[in-house]
Amino acid sequence: MPLIEMPDGPVWKRRTTKETLIRWFVWLIALAIIAYAWKGISDKTIWFFVQDAPRQAADIGSRMIPPKFSYMSRLWAPVWDTLNIATLGTVIALVIAVPVAFAAAHNTTPHPIVRSIAIFIIVSSRSVNSLIWALMLVFIFGPGVLAGTIAIGLRSVGFCAKLLYEGIEEIDLTQVEAIEATGATKAQQMVFGIVPQVLPTFAGIGVFRWDINIRESTILGLVGAGGIGLELSGSINTLAWTQVSMILLVILSTVIVSEWVSAKVRGAII
Amino acid sequence: MSVAEPDFPSSWKKPPFIKSPLLRWSIIIGSAIYLALAFGTMDVDWARAAEGLPRGKRFLTAFFPPNFSDNLGVMWDGIFESIWMAIISTVAGIALSIPIGLGAAKNLAPNWVYLTCRSIIGGSRTFPEIILAIFAVKLFGFGPFAGFVALSIGTIGFYAKLLAEDIENINPSQAEAIKATGSSWTQWINYAIQPQVMPRMIGLSVYRLDINFRESAVVGIVGGGGIGATLNTAFERYEFDTAAAILLIIIGIVMVLEYTSGYLRKWVQ
């Protein structure tokens with residue numbers, strides 16, 4: 001923060017002239033990129049439809065009210081399916097994530113090559129969205145809950161393994177050393193030295209991911225992978241807007257309840 | 001010579017993770033019942049699933065080798081559309097987040113502004129981007145504009161919330177010092193609040209750009225434009241080798257973005 005000498009005394013400025021110039025230049029480049037990106041979008045937009053949007057919104061809004069509460073009787077089964085997809089998917093993910101995490105952590109990995117394979121598994125599972133996993137698995141297993149469950153599982157492996165191996169790398173080594181000093185084998189060190197230290201992290205990750213998976217499993221039905229998303233896309237395609245608003249209400253309450261449960265459980269663990 | 005029993009216990013058992021036996025057993029039994037119920041009602045067509053293995057094999061062989069060349073033009077179009085969409089929605093989302101985030105910070109805003117802004121944030125956080133995208137497509141028609149709107153709304157929920165939390169955690173003595181110089185409200189925001197939250201916010205905006213690119217790869221499935229639309233078309237036309245190529249490109253870009261955003265965040269902080 002320089003003082004600049006002016007004829008009538010020093011003046012305080014926040015930045016030097018050079019810094020100001022550099023900042024303006026960076027802003028200029030950023031604006032150019034933004035303008036170019038905007039042009040790319042607007043070239044592919046049919047502006048007539050966009051201008052029409054407020055009228056459409058009013059129209060759809062009026063058709064969505066009131067929600068068709070009687071439809072709820074048909075929604076219990078899809079909600080149950082959604083919960084199962086999320087829960088069983090999380091279980092699958094945790095089962096796969098544990099060995100992957102132990103292979104990926106610096107202090108437990110058997111070999112650097114194994115570590116890089118584990119890291120690759122983590123990265124590729126995280127990069128592909130669960131909807132894309134579901135899209136592929138529906139081709140393999142056919143439409144239904146199974147494809148959704150496996151999609152959620154595969155998608156969550158990367159997330160769980162990443163957080164878990166970071167947890168493993170942060171453990172207190174003196175405890176492991178103490179176990180080693182009793183003459184324990186490698187496996188015993190693992191069971192009595194490392195596992196008790198990461199178990200709370202593990203449980204926390206599981207609940208955290210379960211909460212995310214509830215949200216994700218509500219939409220998997222859009223590609224045919226079961227759950228409440230199937231009803232949602234069916235209702236949207238048949239323009240049954242009162243059913244759509246009912247489904248949105250159900251999704252909203254499921255998400256709120258799952259968030260509350262996961263906050264409670266994590267509060268109890270940590 | 002006989003060995004006397006020692007006074008201390010000679011065997012040791014690992015203490016259980018959950019101490020209260022009642023809670024432990026009710027969790028174990030509860031999960032067993034749940035699993036039985038879940039598997040019982042899952043309604044899986046196992047015959048169809050068993051076909052999955054040879055199908056999966058055929059599927060995977062159809063993936064290899066990934067075909068980068070046949071639909072190159074369409075693929076580039078989709079990727080650029082996704083990138084433009086990610087950039088614009090991040091910028092627009094952040095521009096909207098700044099006033100909302102300022103309003104949602106308890107130490108800046110009066111109570112009614114605080115509650116309004118918090119409910120805007122809550123509303124945009126509840127629904128996944130995909131559901132927002134479905135409605136945006138209904139309103140704005142097919143194409144990247146719908147995806148842009150959906151991702152921008154998603155960005156508000158993420159960015160404004162973190163901005164508000166960051167502002168609530170600032171060091172109040174600096175803010176007080178600026179106020180003591182007789183600054184106006186805008187000067188106060190600009191010189192006391194903004195420098196304190198800026199480094200983290202820059203990092204988060206790069207992170208959000210990363211998220212928006214990933215999400216732009218899926219909003220296309222419901223008609224929101226971008227690489228997701230190209231991917232969906234490839235699947236629907238059973239051009240699995242093209243789909244494999246697109247997936248590899250998505251993974252590649254996401255990895256590059258993740259490393260850059262991680263690096264940038266470290267550099268800024």
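**Exercise 1. The nonpolar core**

Find which residues touch the most other members of the largest nonpolar core.

*Solution.* Start with the criterion. A nonpolar core is a set of buried Ala, Val, Leu, Ile, Met, Phe, Trp, Tyr and Cys residues joined through C-beta atoms within 7 Å. Buried means 20 or more other C-beta atoms within 10 Å of the residue's own; exposed means 12 or fewer; partly exposed lies in between; C-beta atoms are placed from the backbone. The largest core holds 133 residues, and Ala134(A) and Leu137(A) touch the most other members. Helix α7 (residues 144–168) of chain B contributes the most to this core, 14 residues. Helices here are DSSP runs of H or I with at least four residues, strands are E runs with at least two, and both are numbered from the N terminus.

Next, list the partners of Ala134(A). A contact needs C-beta atoms, placed from the backbone, within 7 Å. Setting aside neighbours within four places in sequence, Ala134(A) contacts Ala147(A), Gly148(A), Ala151(A), Leu220(A), Val223(A) and Ala225(A).

The model is predicted; local features need pLDDT of at least 70, side-chain atom pairs count only at pLDDT 80 or more, and totals for chains, interfaces and linings use all residues. Residues are numbered from 1 along each chain as its sequence is written, while chains are lettered from A and ligands numbered from 1 in the order in which they are written.

**Exercise 2. The two chains**

Describe the elements and the spread of each chain.

*Solution.* Take chain A. It has 11 helices and 2 strands. From the N terminus, the order is β-β-α-α-α-α-α-α-α-α-α-α-α. The radius of gyration of chain A is 26 Å, well over the 18 Å that the globule rule gives for 270 residues, so chain A is more spread out than a compact globule. That radius is taken over C-alpha atoms, and the rule is 2.2 Å times the number of residues to the power 0.38. Along the principal axes, the C-alpha atoms of chain A fill a box of roughly 80 × 75 × 35 Å. Of its 270 residues, 37% count as buried.

Now chain B. It has 11 helices and 0 strands. Its radius of gyration is 27 Å, well over the 18 Å given by the rule for 269 residues, so chain B too is more spread out than a compact globule. Its C-alpha trace spans about 90 × 70 × 35 Å along the principal axes. Of its 269 residues, 40% count as buried.

**Exercise 3. The interface**

*Solution.* For the complex, the predictor gives an ipTM of 0.76 and a pTM of 0.79.

Definitions and conventions: Contact = placed C-beta atoms within 7 Å.
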